[in-house]
Amino acid sequence: MTTTTAEPTTHGNGHHGDGEAENYLNARYGIASWLLTLDHKRIGILYLLVTTLFFIVGGLFAALIRLELLTPQGDVLEADTYNKMFTMHGVAMIFFFLIPSVPAVLGNFVIPIMIGAKDVAFPKLNLLSWYCYIVGGSLATLAIIMGGIDTGWTFYTPYSSTYASGYVAIALTGVFINGFSSILTGVNFLTTIHKMRAPGMTWFRLPLFIWAQYATSLIMILGTPVIAITLLLLALERVLQIGIFDPSLGGDPILFQHLFWFYSHPAVYIMIVPGFGVISEVIACFSRKRVFGYSFVAFSSLAIAVLGFLVWGHHMFTTGQSIYAGMVFSFITFLIAVPTAVKIFNWTATLYRGSVSLESPMLYSLGFIGLFLVGGLTGLFLSTLATDIHLHDTYFVVAHFHYVMVGGMVMAYLSGLHFWWPKITGRMYSEAWGKAGAILIFLGFNFTFFPQFVLGYLGMPRRYHVYPEEFQLLHVSSTMGATVLGLGYMALFICLIWSLVRGAEAGPNPWRAKGLEWEIPSPPSLHNFHSTPVVTKEAYAYEEEDVTLADASHAPESEPVAGSR
C-alpha cells in the first residue's frame, strides 16, 4: 500500500528544540498535557498503562489461587478469602484487561493511521471513554480494598442480590460505568472507519485489523447496553429489594443468566476478534504474502459478530431450559466454529510457501494459533449437550476459557504490542528477550492449563479450594506451569522496558511491512499525516515487492528500474 503524496518527517523547522524530530510524545510535556489530551495515540498509551496495572493485579490474585491449590487442604486461604480471590481475579482480568486491551490500546493507536486519518471521529468522546474506564476501574478497586467481593465474576443471583457482602454494589457500579467506555469506543471506531478513510481506501483495501475492529465495534454497541441494564437491575434489587431476579421476592434467577450471557458470550468475541485482526497483520508481514482469501477472512469477522448473539444458551444447558432450545443453541454454537475455522485455515495457507521469518511478533502469533486451536476444539465438547452436562462447572471449562482468552487473546495482544512497539515508541527491543518471553509464556501456559482439562474430565469442580488428594499431582503441575508463565511475563516486561532506555532507533518501517502506518516516522507526528495520503494499492502487496526486487536484481546497472524510486 503506497501513497501519492510525500510524507515529510518533521513539523515546521523539522526539529523539536534540541534537534530531536517532533512527535506525539515530545510535542507537549506535563501531566496535564496527557490527562487532557485529545490525541488518539496518547489516549492509547493511557489505556496501555492502566490495563497493564489491572493485568498485574489480576495476575497477583491468580498467583494466590495457584499457591492455595498446591495442597488439598485449605491451608493458605480461608474459604471466604479464596472465593474473593477468584472473583476479583475474574473481574480485574475480564472487565478491565481482556475486554479493553486490544481495542482501546492498539485500536486507539493504529486505526486512524491505518486508514489515513489524523485522529478518530470524536476525540473528546475518546478521552471521555478513558475517564469512564478510570472511574469504573477505581470503583472496582475500591470494592477490592474495602474487603472484596465473593460472587464470582458472573455475579449470579440470588447470591449477589441478597446474600453477598455489601461491596458488591460498588463493584457493580464500576462495571456499569466501564460499559460506557466500551460503547463510546465502539461508536468512535465505527464512525471513524465509515467516514474518515483516505481517498482510495476502499472497503476491500482495508487492512484486516480494521475489519476486525469494525466487527468488534458492532458487538460493543449492541451488546454492552444489555449487560449495563442487567447490572443496574441487579443493583436496584440489592438496594431496594425489588423482586427481579430473587425468587424469594418473586423474581427469576434464570432471567439474570439469560441477560448476562446474551452479552457475555459476545463479550468473548469483543476480546478475541480484535486479536484475529492482529494475527492477520503479523502473519502477512512475516510471511511476506497477502493473506490468503482476504475477503473470506474479512467477512468471517462479521459472521462471528452476528452469530455471537445467538449462542448464549449453551451456557445454560443445566438450568432446565427446553431440550429443543438446547438443541438449537448447540447447533448454532457448532455453526459459529465455521467462520473461526476459516481464519485458521486461511492463516495456515498464508504461511504455506511464504518467506517466513520468526521474529518475536511472529512467535506470539504462531503460539496464538496453537493455543486458540486447542481452545476452540475443546469448545465443541461444551457445545454438545451430552458432554456439557458432565463437564459443566468443572476445571475443563476453566481450561477451555483460558485457552481461548489467555492463550488466544493475550497472545494476540502481545503479538500486536511487539509488532507496533517500534511505531509506538520509536525504539527496537531485544529480540533475544522477546523470543525468550514468547517461548516461556507458551510453555508455561500449556503446563498451567492443559492438566486442568484432565482435572475437569475426572470431575474436579471449579472454585473449590479443598479437593481430594488424588487431584494434587495435576494441581501441582498447574502451579509449576504458572511459575514458568510468570517468568515469561517478567521477561516480556524486561524486554519492553529495556527498549525504552537502551533500544536502538527503529526507523519508520523496521519490519518492511505494508500499510500507511509504516510510511510515517516512528514515533508518529502529532497529527499523523501532514497531507492527506492517497491509497493506490491493495493491502498486503508483498508479492509486488518481490517482483520489483526480482526485476531490480536482473536489471542492468546502468538502467533505472521502473517503480523503484
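Contact here means heavy atoms within 4.5 Å of each other. The model shown in these close-ups is predicted.

**View 1. Ser499 sits in helix α15.** This helix covers residues 472-502. Is Ser499 buried or exposed? Its relative accessibility is 0%, so Ser499 counts as buried. The cut-off for buried is under 20%. Which residues does Ser499 touch, leaving aside those up to four places away in sequence? They are Trp421, Arg427, Met428 and Tyr429.

**View 2. The second largest pocket has a volume of about 940 Å³.** Its lining is made of 37 residues. Nearest the pocket centre lie Leu25, Trp421, Ile424, Thr425 and Leu500. Trp421 is also one of the residues that Ser499 touches. Three helices, α2 (40-68), α13 (395-425) and α15, each supply at least two lining residues. Which helix gives the most? It is α13, with seven residues. By class, the lining of this pocket has 24 nonpolar, nine polar and four charged residues.

**View 3. Helix α3 runs from residue 79 to residue 114.** It has 36 residues. From first C-alpha to last, α3 reaches 50 Å. That is close to the 52 Å expected at 1.5 Å a residue. Where does α3 bend? The bend is at Pro100, and it is about 60°. Of the 36 residues of α3, 32 are buried, so the helix is largely enclosed by the rest of the structure. After α3 comes Gly116. The phi of Gly116 is positive, near 85°.

**View 4. Thr216 lies in helix α7.** Helix α7 spans residues 208-240. Thr216 has 0% relative accessibility, so it counts as buried. What does Thr216 touch, not counting residues up to four places away in sequence? Its contacts are Pro103, Tyr269, Ile270, Val273 and Pro274.

**View 5. The largest cavity has a volume of about 80 Å³.** How many cavities of 30 Å³ or more does the structure hold? There are four. A probe the size of a water molecule, rolled over the atoms, shows where empty space is left. The lining of the largest cavity includes Phe95, Ile99, Phe176, Asn178, Thr224 and Tyr263. Helices α3, α6 (168-195) and α7 are the elements that give two or more residues to this lining. The largest share comes from α6, with five residues. Eight residues of the lining are nonpolar and four are polar. None is charged.

**View 6. The second largest cavity has a volume of about 60 Å³.** Its lining consists of Tyr47, Ile99, Pro100, Pro103, Ala104, Ser181, Ser182, Thr185 and Met220. Two or more of these residues come from each of α3 and α6. Which element gives the largest share? It is α3, with four residues. Six lining residues are nonpolar, three are polar and none is charged. Some names return from the earlier views. Pro100 marks the bend of α3. Pro103 is in contact with Thr216. Ile99 and Ser182 also line the largest cavity.

Methods. Residues numbered from 1 in each chain as written. Predicted model: local features only at pLDDT ≥ 70, side-chain atom pairs only at ≥ 80, totals over all residues. Heavy atoms only, no water. Expected span 1.5 Å × (residues − 1). Bend = angle between axes of the 7 residues up to and from the residue. Buried < 20%, exposed > 50% of the residue type's maximum accessible area, 1.4 Å probe, protein only. 1 Å grid on protein atoms, 1.4 Å probe; cavity = no way out; pocket = protein on both sides within 12 Å on 5 of 7 lines; lining within 4 Å. Points joined across faces, edges and corners; volume = space filled by probe spheres on them. Nonpolar A, V, L, I, M, F, W, Y, C, P; charged D, E, K, R; others polar.
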